[in-house]
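The entries below follow the order in which I looked things up.

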Amino acid sequence: MNWRGPGLALLLLCCSVLSVSARGDRVVLIVNAGGPATALDAIDIKRLFLGIPVERSGITLRSMVNNSDERIKQVFLQYVVSMSETAYQRRLLMLALAQGRSMPPVYSDNAQLLAAVAANSSAVSYAWESAALRNPRVRILRELWHE
Amino acid sequence: MRILSSFWVVLAAACVLAARSAQADDDPGGHQHGTGLYELFASLQTVAHDGPNDGPEPREDHWLVTDLVFAANRGHWRVLGEYNFGPGENDMERFQIGFEPVPDTLLWFGRFHQPASAWNTEFHHGQHLQTTITRPSIELWEDDEGLVPQHLTGALLESRRPVGAGAGVQLSVGIAYGSLIDADGLSPVDLLRVNPGSHRISETARIAFLPQYLGSSSTGLLYGHHRTPVLDPAQAVLLNAQLVDQHVYGAYFNQDREPWRALAVAYYVDVALRNEPAVRREHFTSGYLQLERQLAHGLTLFARHENSSNASASRYVSLHSDDFVTHGSLAGLRWEFHRHQALTLQLSRLTTIQSTQSALRVQWSGVFP
């Protein structure tokens with residue numbers, strides 16, 4: 001019995017699937033395609049998601065939290081704000097209480113989040129790369145995490 | 001007085017509505033609209049204790065405490081208010097109008113919490129944010145027999161600047177009207193009622209090092225100078241003073257490194273009881289160390305020790321706050337069982353300048369929405 005042909009095909013299929021999977025496992029920072037933000041460093045990103053103003057071209061950027069799935073939520077907490085969920089919520093409350101800082105709106109639906117970013121020129125958020133690439137009104141600014 | 005009160009309630013409601021409207025503007029289609037927020041802090045508690053308790057019930061022991069925080073931001077301008085209400089309480093604790101010329105530098109005008117308190121600038125009136133049910137004696141509010149004026153009305157500058165790679169420095173300076181002493185004790189400028197108009201200027205400041213610019217840990221120095229006229233004739237006789245000239249020097253260490261959290265504070269308070277030309281000087285120290293350890297399942301263990309020296313010998317302390325804690329400890333367990341909801345059990349044994357008392361407190365606290 002000759003297994004070489006089907007075996008090679010199976011291997012190629014696995015590689016292809018893994019490749020797509022690997023691409024899908026990137027979390028990227030997204031902004032409105034026509035928005036003013038061209039670059040944001042890690043400190044600016046953290047400021048934004050704590051509700052502290054960050055300006056670009058005279059426009060105050062607005063962050064939106066993506067809680068559409070548990071995995072992206074954990075990536076955000078670990079790699080973007082570097083806090084536990086309890087600590088993040090507490091920090092937001094403290095900043096609201098001390099200085100009236102607004103808390104970023106939270107989206108639990110990915111499509112709604114992308115629509116909100118696409119519609120608001122000052123919006124900044126994050127999403128799976130595969131989802132962001134499907135929306136031409138959203139621009140990827142940088143990678144936040146990859147597997 | 002009733003008209004004034006109604007005015008502020010209407011203003012608070014207007015700000016909340018503005019905040020709601022501004023939040024709606026954040027939705028798709030929004031560009032450079034304002035933003036806003038409103039948060040309601042609420043807590044229910046019960047306390048059982050041994051021994052006598054003749055003094056007024058501290059705010060934390062009221063069966064219900066509610067605090068509405070509201071803010072509206074537009075461009076570089078912002079409005080922030082904190083309205084505390086419930087049984088025995090009805091105060092506009094803070095009402096500030098702020099201008100932020102550059103990010104993280106704010107100039108506020110209005111009534112604010114003085115920056116030289118390590119505790120109150122961290123938790124304000126937000127009961128849910130402070131892990132313990134009660135606050136240290138030296139950090140008590142004026143209407144809870146507090147010894148240091150905490151609410152000032154005037155100007156406050158707050159700035160936070162980056163230093164090196166990731167660290168920062170925080171500077172806060174407040175120049176504002178402080179308190180006076182009337183029949184109720186320390187009375188700050190009241191935004192809801194008529195004021196007698198004899199308040200004098202206080203100066204307060206804080207400088208702190210932030211190991212992480214955007215973190216919550218900090219270490220710093222505190223300074224306050226309060227000139228407090230004594231308007232109540234009975235207290236003026238007992239204190240033998242027309243003016244209490246108080247200097248507060250403090251240092252604090254606030255380390256927030258999950259799962260641990262530590263807050264250590266020490267104050268040296270110098271009091272000059274002035275009855276010109278005579279001046280009687282006295283001083284006392286007070287401090288506390290609070291440790292917290294997060295456990296699994298939303299549980300947090302906490303303990304605090306308070307101590308002081310020379311407080312019993314101070315005429316100002318003994319006349320003004322006979323429930324001032326000279327030393328004592330407390331410990332407890334807090335369970336955060338849902339987003340912004342917590343149950344707390346606290347046991348304490350505290351010695352005041354009059355007596356020693358043990359107490360058991362149970363509290364639910366939460367924040368809405």
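**Ground rules**

This is a predicted model: local features need pLDDT of at least 70, side-chain atom pairs count only at pLDDT 80 or more, and totals for chains, interfaces and linings use all residues. Residues are numbered from 1 along each chain as its sequence is written, while chains are lettered from A and ligands numbered from 1 in the order in which they are written.

**Entry: the sheet in chain A**

I looked up the strand order. Four strands of chain A form an open, mixed sheet, in the order β4-β7-β1-β8. I took helices (H or I, at least four residues) and strands (E, at least two) as DSSP runs, numbered from the N terminus. Two strands pair if DSSP finds at least two bridges between them. The edge strands are β4 (62-63) and β8 of chain A, each of which pairs on one side only.

I then checked one pairing. β1(A) and β8(A) run antiparallel and are joined by seven bridges. L29(A) stands opposite R142(A), which is in β8(A).

Next I looked at the helices on these strands. α3(A) lies across β1, β7 and β8 of chain A and runs at about 75 degrees to β8(A). α5(A) packs on the sheet too, touching β1, β7 and β8 of chain A, and its direction makes about 145 degrees with that of β7(A). For these angles, axes are lines fitted to C-alpha atoms, for helices over the stretch in contact, and angles run from 0 to 180 degrees between N-to-C directions.

**Entry: helix α3 of chain A**

Which residues of α3(A) are buried? I found I72(A), V75(A), F76(A) and V80(A) buried in this helix, which spans residues 70-80. Buried means that 20 or more other C-beta atoms lie within 10 Å of a residue's own, exposed means 12 or fewer, and partly exposed is in between; C-beta atoms are placed from the backbone.

Seen down the axis of α3(A), the buried residues fall within an arc of 100 degrees, so they line one face of the helix. The arc is that of the directions from the helix axis to the C-beta atoms. An α-helix has 3.6 residues a turn, so residues three or four places apart point the same way.

The face turned away from the buried side carries the exposed E70(A), R71(A), Q74(A) and Q78(A). The buried residues pack against β1 (26-32), α2, β5 (65-66), β7 (123-128) and β8 (138-146) of chain A. Just after α3(A), S82(A) takes a positive phi of about 55 degrees.

I noted another positive phi in chain A. S57(A), a residue other than glycine, has phi near 50 degrees. S57(A) sits in the loop between β2 (55-56) and β3 of chain A. S57(A) is exposed, with 8 other C-beta atoms within 10 Å.

**Entry: where the chains touch**

I counted 31 residues of chain A in contact with 30 residues of chain B. Contact means that the C-beta atoms of two residues, placed from the backbone, lie within 7 Å.

Which element gives the largest share of the chain A side? α4(A) does, with eleven residues. The elements that give two or more residues are α2 (42-49), β3 (59-60), α4 (85-99) and α5 (110-119) of chain A.

By class, this side has 16 nonpolar, ten polar and five charged residues. Ala, Val, Leu, Ile, Met, Phe, Trp, Tyr, Cys and Pro count as nonpolar, Asp, Glu, Lys and Arg as charged, and the others, Gly among them, as polar.

**Entry: chain B**

Chain B has four helices and 18 strands. Of its 369 residues, 44% are buried. Among its contacts with a separation of 6 or more, 58% join residues 24 or more positions apart.

I looked up R315(B), which is in helix α4 (residues 315-320) of chain B. R315(B) counts as partly exposed, with 15 C-beta neighbours inside 10 Å. Leaving out residues up to four places away in sequence, R315(B) touches L239(B), L273(B) and E282(B).

Last, I checked the backbone. The peptide bond from E258(B) to P259(B) is cis, with omega near 10 degrees. P259(B) is in the loop between β12 (243-257) and β13 (260-275) of chain B. A cis peptide bond also joins F368(B) and P369(B), with omega about 0 degrees.
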